[in-house]
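Hello,

Here is the structure for you to look over. My notes follow below.

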Amino acid sequence: MLRLEDYVFHRDLTKVYPIITHGKGVYLYADDGKRYLDGCSGAVAANLGHGDKGIAEAMALQAEKAAFVHTMRFETEVLHKLAERVAKLAPAPLNKVYFTCGGSEANESAIKLARQYFRDRGEPEKQVVIGRWQSYHGNTIGSLSAGGDIKRRQPYNGYLLPFQHVSAPHCLHCPFNRIESECESNKDWSCVHELERLVLEIGPSQISAIIAEPITGSQAGAIPPPSSYFEQVRALCDRYDLLLIIDEVMTGFGRTGAHFAIEHYGVIPDIITFGKGVSGGYSPLGGMIVHDKIVEGIIQNGHGKFVHGYTYSGHPVTVAAGVAALEKYETDDILANVNEQENHLMSGLLNLKKKYPIVYDIRGRGLFFGLELASRQDGTPFMPDERIAEKLNEKAMELGAVFYPGSGTVNGHAGDHLIIAPPLIINRDEIDELIGLLDSALQALMDSMKEGT
């Protein structure tokens with residue numbers, strides 16, 4: 001039923017949402033007094049938890065100094081501070097940081113920058129971007145075109161750019177019916193062959209970039225790639241003169257136990273995009289970190305001007321939130337906590353897999369895990385209209401925890417998963433509580449399935 005009693009255009013106009021009055025640490029509190037353990041950091045954004053006075057004070061202090069300056073005319077000290085901090089976390093050849101208001105804008109910017117880099121170099125035909133199915137890079141037209149989220153793409157197919165897509169590595173449900181150990185031992189990946197075949201079919205002279213999440217996130221449920229996958233993709237990009245854009249919007253800033261998840265795979269991208277965790281979710285902030293060769297190309301061939309921008313790029317108050325957040329990451333040694341808590345969270349989730357037959361797989365790194373649900377122990381997915389992941393999260397919310405449900409895990413249509421990605425400040429006792437609540441939610445879901453409700 002359509003809700004007419006308020007003035008909000010809700011994400012789902014048929015739902016009544018809890019009203020959150022405040023948060024503290026890993027918890028959120030609603031106006032009815034109910035407490036929720038934030039088991040997904042919002043949308044894997046609130047990396048530093050809730051109610052951090054230091055970040056709030058930094059934002060307020062900057063707001064007192066200047067509400068807004070347009071970066072076409074002015075810059076601020078905090079802009080330079082944050083750019084330096086972010087750049088120093090990235091591989092050395094990536095030294096320039098461009099700020100946006102979030103991940104969609106960051107990926108849109110990277111797509112446009114790749115296009116301009118080749119256009120200014122005298123190759124305007126290099127403009128096709130290759131993405132991967134079951135990826136998500138944002139909801140602007142460019143980022144949606146590059147992404148492979150079938151459900152989000154279909155309503156807007158008529159508007160999307162003619163970008164191309166290949167399979168992301170998903171060894172548990174390999175579309176090529178191969179075994180991971182065999183592929184790894186021979187360094188012979190069908191998903192990489194598919195990518196190279198597409199590059200040759202289109203023609204390298206037509207392609208500007210390949211874009212990929214280092215760990216496939218919201219659309220597939222935190223799936224790490226095979227260990228040598230990105231080495232081969234990097235080699236392919238070098239062979240055919242393509243830029244490699246790595247989307248770290250969900251995985252950056254310590255989420256997987258490294259500053260950026262691509263560090264686990266030993267390759268250097270041409271552009272890293274980021275968002276979410278850079279401000280700990282305290283203010284909308286994102287951006288891209290750009291390789292020196294691209295910056296030099298824009299200076300030499302494009303008069304030093306990137307023909308692109310947003311009004312609120314580099315907004316002083318938002319950037320101040322980023323500076324304060326990165327200071328907290330460092331002073332509180334957040335990265336060490338992620339690596340300390342990783343095994344404990346993984347162990348708790350694996351125990352749930354042993355206990356509940358509908359839990360088919362647990363995967364992930366750091367404090368970024370996916371729990372895949374299946375109707376049978378051979379991995380057969382539930383029917384999409386059963387909404388199993390959504391129902392599991394609804395049970396969890398009734399009990400006082402919230403997670404990040406997703407569907408289309410197997411092929412974009414079928415399959416259900418839950419992302420478990422609590423704030424990076426979580427401690428051992430809070431992880432035990434999280435696992436206990438998820439345990440109870442799974443039991444409640446199983447009971448309801450037996451009753452047919």
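Asparagine 427 caps helix 14 at the N-terminal end, with a side-chain oxygen 3.2 Å from the backbone nitrogen of aspartate 429. Bear in mind that this is a predicted model.

Helix 14 runs over residues 428-451, 24 residues in total. From first C-alpha to last it reaches 35 Å, close to the 34 Å expected at 1.5 Å a residue. Glycine 452 follows helix 14, and its phi is positive, near 75 degrees.

The buried residues of helix 14 include Ile431, Leu434, Ile435, Leu438 and Leu442. Glu430 and Asp439 are also among the buried ones.

Next, the packing. The axes of helix 12 (residues 334-355) and helix 14 come within 10 Å and cross at roughly 20 degrees. Angles under 35 degrees count as roughly parallel, so helix 12 and helix 14 are roughly parallel to each other. Their crossing is right-handed. On the helix 12 side, the contact is made by Gln341, His344, Leu345, Gly348, Leu349, Leu352 and Lys355. Helix 14 contributes Arg428, Ile431, Asp432, Leu434, Ile435, Leu438, Asp439 and Leu442.

One more site: glycine 415. It sits in the loop between strand 14 (404-407) and strand 15 (416-420). Is glycine 415 buried or exposed? Its relative accessible area is 2%, so glycine 415 is buried. Beyond its neighbours within four places in sequence, glycine 415 is in contact with Pro381, Phe382, Gly406, Ser407, Gly408, Thr409 and Val410.

Best wishes

Definitions and conventions: Residues numbered from 1 in each chain as written. Predicted model: local features only at pLDDT ≥ 70, side-chain atom pairs only at ≥ 80, totals over all residues. Heavy atoms only, no water. Helix = DSSP H or I, 4+ residues; strand = E, 2+ residues; numbered from the N terminus. Expected span 1.5 Å × (residues − 1). Buried < 20%, exposed > 50% of the residue type's maximum accessible area, 1.4 Å probe, protein only. Polar contact = N/O pair within 3.5 Å; in protein donor to acceptor, adjacent residues only side chain to side chain. Axes fitted to C-alpha atoms, helices over the stretch in contact; angles between N-to-C directions. Parallel < 35°, antiparallel > 145°, perpendicular 65-115°, else oblique. Left-handed = near helix turned anticlockwise from the far one by under 90°. Contact = heavy atoms within 4.5 Å.
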